[in-house]
Amino acid sequence: MSVVADRVLAKDKDDDSGEARHTLTRGDAALLRFAAAAEILESDFWIQYNELGGIQDAEVPGGFGNPAYTAKLANLDGDFAQYIHDNTDDEITHFTFLNAYLESHGAQPVDLEPFRTLAGSKATGSSGKLRLTNLMKLTLDTSWWTRYRSDTNNPDLDPTFVFPQAVPGLSKGTFTAIPRDNSDLTPDTHLQAIANTAAFHMPTIEQGGNSLYPSLAQRATSVEVLRILISIGPTETMHFQTWSDKAGAAVSPPIAPLVDPTNGLTFPDLTGGGETVQNNLIMPEPCPFLSRRLPKCSIIRPTETRGAAMGALAFLTAMGLFAGQSPKFFAFMRDLAEDADQARRMGD
Ligand SMILES: [Fe+2]
């Protein structure tokens, strides 16, 4: 294929204003398509949280709210329901914008509706509609907690370094972050453990988005695609920091220590454990960046661009977010990720 044919996915066309639309390279379209898919999946599980524990309104309609679950979330922060609502609203606009941008530039938007096959929560408050993602069989890697508190290790420089887990129990076994049905509403400590699991799942996901966007952006060719990626990415960072604070409440008195009597899942009180687990840190500690010969720097990490999309897909799969999904779903997502990882910045 000629360089020109490869570079240009869509021919310039006049839009309503009469100005020529600029074109998307295949690589840029692939980067945006993977981001759009990730945002559709994020929206799907945030909607599930909002139906049960957020605020149902015209911006985020669907559910009816579950008062018992909402109260347990409110134990972690009185504004929890508002934050769920606003995070959900953000993700819906992210995928809607990305798909519209792709379409307006002659590229194919992402449609995951054929994969909407999973049963969601049957608890009071749920809309009962079919889902793309599963919040009821999660295994959470909470090592981001210590990764962002470490001033000596950066996964991009130390790919084999093992950052300790904040809540080791969440990484061993499968746990629900929402009441599966009304039997999960009691006993009290069980429902609080479910709310605590949500409080750790939320920043665990959002720190992934917080790394994904700068990782992908390094391979954007068009300055406008770069602008899109570096404008959406930091909103994921805002989510991550907000939810880090709620996770901190789940490992602090008076909530912690807490043991779920149904399965033994333990949320330790991390008070007094030293800086790598300190429970009130929500800003990154400076760490080595690019080279240890340079001064430490407070940064998002990791931001390695090679294999970033496949890495994100593996991370989401390993946490159980797609438990029950079809082989066709995984094949579809793998294609999107491979295409995104093959994208190269033109001129590099
Ligand atoms: Fe998003």
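From the N terminus on, the elements of the chain follow the order α-α-α-α-α-α-α-β-β-α-α. That makes 9 helices and 2 strands, where helices (H or I, at least four residues) and strands (E, at least two) are DSSP runs numbered from the N terminus. This is a predicted model, in which local features need pLDDT of at least 70 and side-chain atom pairs count only at pLDDT 80 or more, while totals for chains, interfaces and linings use all residues. Residue numbers start from 1 along each chain as its sequence is written.

## Overall form

Taken along the principal axes, the C-alpha atoms of the chain fill a box of roughly 65 × 50 × 35 Å. Of the 348 residues, 45% count as buried. Here a residue is buried if 20 or more other C-beta atoms lie within 10 Å of its own, exposed if 12 or fewer, and partly exposed in between, with C-beta atoms placed from the backbone.

## Helices and how they pack

After helix 4 comes G106, with a positive phi near 75°.

Now for pairs of helices. Two packed helices are described by the angle between their axes and the distance between the axes. Axes are lines fitted to C-alpha atoms, for helices over the stretch in contact, and angles run from 0 to 180 degrees between N-to-C directions.

Helix 6 (residues 188-217) and helix 7 (residues 223-250) pack at about 155°, and their axes are 7 Å apart. Helix 6 and helix 7 are therefore roughly antiparallel to each other. For these words, angles under 35 degrees count as roughly parallel, over 145 as roughly antiparallel, 65 to 115 as roughly perpendicular and the rest as oblique. The crossing of helix 6 and helix 7 is left-handed. A crossing is left-handed if the near helix is turned anticlockwise from the far one by less than a right angle, and right-handed if clockwise.

The residues in the contact of helix 6 with helix 7 divide into 16 nonpolar, 8 polar and 3 charged. In this count Ala, Val, Leu, Ile, Met, Phe, Trp, Tyr, Cys and Pro are nonpolar, Asp, Glu, Lys and Arg are charged, and the others, Gly among them, are polar.

Helix 6 also meets helix 3 (residues 67-76): their axes come within 9 Å and cross at roughly 60°. Helix 3 and helix 6 are therefore oblique to each other, and helix 3 passes helix 6 in a right-handed crossing.

## Loops and backbone details

Two cis peptide bonds deserve a look in your viewer. The bond from T186 to P187 is cis, with omega near -10°, and P187 sits in the loop between helix 5 (144-147) and helix 6. Another cis bond joins R301 and P302, with omega about 0°. P302 belongs to the loop between strand 2 (266-267) and helix 8 (308-318).

L290 is also found in the loop between strand 2 and helix 8. Although L290 is not a glycine, it has a positive phi of about 70°. L290 is exposed, with 12 other C-beta atoms within 10 Å.

## Residues and their partners along the chain

S215 lies in helix 6 and is buried, with 23 other C-beta atoms within 10 Å. R292, in the loop between strand 2 and helix 8, is exposed, with 12 such atoms within 10 Å. E224 lies in helix 7 and is partly exposed, with 14. Q325, in the loop between helix 8 and helix 9 (327-342), is partly exposed too, with 19.

The table gives a C-alpha pair for each of these residues.

| Pair | Apart along the chain | C-alpha separation |
|---|---|---|
| S215 and E304 | 89 residues | 5.7 Å |
| R292 and N153 | 139 residues | 10.0 Å |
| E224 and I255 | 31 residues | 45 Å |
| Q325 and A250 | 75 residues | 30 Å |
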